[in-house]
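Subject: A structure for you to look at

Hi there,

Here is the structure I promised to pass on. Have a look at it first, and then read my notes below.

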Amino acid sequence: MKFNNIKYLAILTFSLLVISCNNDDDGMEIEITPDFSGTYVQKDQMGRPAVNTVFVSSDSKDAFNSTIPSEQNASFQSMFETNLTGLSPAYANEGDANALGLDAATFTGLLATDVLNVSLDGTTTFYDGTNVLTGRALADDVITVELLLIFGGEDFTENPTLSNDNVDANDKEFLTSFPYLATPW
């Protein structure tokens, strides 16, 4: 039911759009109306950026992207755990945990379901030192948080060269009103 409502909203939104192209060379205008007939297929899931990219083996990308989130954990958690323990020395020993206190199996169980959680009554953030995975704000340093949780160990001090992407801010200020993102260069 929820999926149908989202699909209906997407179709309604896109059906209201008409794409106009103006070729300045000859003044000709072309109007294109989207075609919503047929079957749509999920092509990519990125609720948590880089998680799919790093932990899903290349031969399983299409299967992961087309698997509904409620089935992802059962289908992909063991692959995530194998890849995590192979990549990160922070999980080298049985019982090793990250700063959230999650061992490899528990952490990859969380990651294997690629959804973006939203807190309806608290802080919306990817991680702010207290709140964890309660949503994502534009300014959240998502990749560094993921690197810290993967490589940083129990107190974020293990593997410091692997635990930061060294991109600490957006290259342009965010806008104060919708769409909030700055105009591209």
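Predicted model: local features only at pLDDT ≥ 70, side-chain atom pairs only at ≥ 80, totals over all residues.

As for the inside, 27% of the chain's 185 residues count as buried.

Next, the overall layout. You will find six helices and two strands in the protein chain, and along the sequence they follow the pattern α-β-β-α-α-α-α-α. If you take the contacts between residues at least 6 apart in sequence, 45% of them join residues at least 24 apart.

Now please find helix H4, which covers residues 69-87. Where does H4 bend? The bend is at Phe76 and amounts to about 55°. Phe76 is also one of the buried residues of H4, along with Gln72, Gln77, Met79, Phe80 and Leu84. What do these buried residues pack against? Their partners are four helices: H2 (51-55), H3 (61-66), H5 (104-111) and H6 (142-151).

Finally, turn to the second largest pocket, which holds about 310 Å³ of space. Its lining is made up of 16 residues, and Leu138, Ala139, Asp140, Asp141 and Val142 are the ones nearest the pocket's centre. What kinds of residue line this pocket? Nine are nonpolar, six are charged and one is polar.

Enjoy exploring, and write back with any questions!

Best wishes

Terms used. Residues numbered from 1 in each chain as written. Heavy atoms only, no water. 1 Å grid on protein atoms, 1.4 Å probe; cavity = no way out; pocket = protein on both sides within 12 Å on 5 of 7 lines; lining within 4 Å. Points joined across faces, edges and corners; volume = space filled by probe spheres on them. Nonpolar A, V, L, I, M, F, W, Y, C, P; charged D, E, K, R; others polar. Bend = angle between axes of the 7 residues up to and from the residue. Buried < 20%, exposed > 50% of the residue type's maximum accessible area, 1.4 Å probe, protein only. Contact = heavy atoms within 4.5 Å.
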